[in-house]
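Welcome! Let us walk through this structure together, one question at a time.

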Amino acid sequence: QVQLVESGGGLVQPGGSLRLSCAASGTIFRVYDMGWYRQNPGKQRELVALIAREGSTDYADSAKGRFTISRDNAKNTVYLQMNTLKPEDTAVYYCYARIQRYSDYGNNYWGQGTQVTVSS
């Protein structure tokens, strides 16, 4: 089985920083794209940032200049460094990964979500 386990969410004041981590574990042949999405109640899940295996990145306009996505392929782990946080960044953040197991051609996987709250 494959699991994505997130950590690093919490409560932070406006202007503060948080670093999210997400590690993929299980019987994995290769991890392709990894990324972060976020969602608020009653709203659609939206892309925050995505990183390809070779390191190319894509950011939502709201994240550009404030958030940095990175990954460690040896650890099958993706990170999201969030700086200059704003109240509108408050959401549940979900880790995403496209993972190929030895027995398939690849599937999309999601973490359980971690709450990020930006408030004074």
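Q: What makes two strands a pair?
A: Two strands pair if DSSP finds at least two bridges between them. The strands themselves, like helices, are DSSP runs numbered from the N terminus (a strand is E, at least two residues; a helix is H or I, at least four). A case to look at is Leu4, which stands opposite Ala24 in β3.

Before going on, a word about the model. This is a predicted model, in which local features need pLDDT of at least 70, side-chain atom pairs count only at pLDDT 80 or more, and totals for chains, interfaces and linings use all residues. Residues are numbered from 1 along each chain as its sequence is written, and side-chain values use heavy atoms, with hydrogens and water left out.

Q: How do you know that β1 and β3 pair?
A: Six bridges join β1 to β3, and the definition asks for at least two, so the two strands count as paired. They run antiparallel.

Q: What makes up the open sheet, and what is its strand order?
A: The sheet has four strands in the order β1-β3-β8-β7, with antiparallel pairing. β1 and β7 each have a single partner strand, so one side of each is left without a neighbour in the sheet. From one strand to the next, the twist averages 15°. (The axes behind such angles are lines fitted to C-alpha atoms, for helices over the stretch in contact, and the angles run from 0 to 180 degrees between N-to-C directions.)

Q: How do you know that β7 and β8 pair?
A: They share six bridges in the antiparallel sense. Among the residues facing each other, Ile69 has Leu80 of β8 as its bridge partner, and Arg71 has Val78.

Q: Why is the link between Cys22 and Cys95 called a disulfide?
A: The term covers a pair of cysteine sulfur atoms within 2.5 Å. Here the S to S distance is 2.0 Å, so the pair meets the definition. A search of the whole structure finds one disulfide.

Q: Why is this disulfide left-handed?
A: The torsion about the S-S bond of Cys22 and Cys95 is about -80°, and therefore the disulfide is left-handed.

Q: Which strands hold Cys22 and Cys95, and how many residues apart are they?
A: Cys22 is in β3 (residues 18-26) and Cys95 in β9 (residues 91-100), 73 residues apart, so the pair links distant parts of the chain. Both cysteines are buried.

Q: Why is Gln100 called buried?
A: Buried means under 20% relative accessible area, exposed means over 50%, and partly exposed is in between (1.4 Å probe, protein chains only). Gln100, found in strand β9, has a value of 14%, so it is buried.

Q: What makes the link between the side chains of Gln100 and Tyr32 a polar contact?
A: A polar contact is a pair of N or O atoms within 3.5 Å; within protein, one must be able to donate a hydrogen and the other to accept it, and residues adjacent in sequence count only if both atoms are side-chain atoms. The contact between Gln100 and Tyr32 spans 2.7 Å.

Q: What makes a nonpolar core, and which residues touch the most other members here?
A: Such a core is a set of buried Ala, Val, Leu, Ile, Met, Phe, Trp, Tyr and Cys residues joined through side-chain atoms within 4.5 Å. In the largest one, with 30 residues, Trp36, Leu80, Met82, Tyr93 and Ile99 touch the most other members. β9 gives the most to this core, with five residues.

Q: What makes the phi of Asn76 worth a look?
A: Most residues other than glycine have a negative phi. Asn76 is not a glycine, and its phi is positive, near 50°. Asn76 lies in the loop between β7 and β8.
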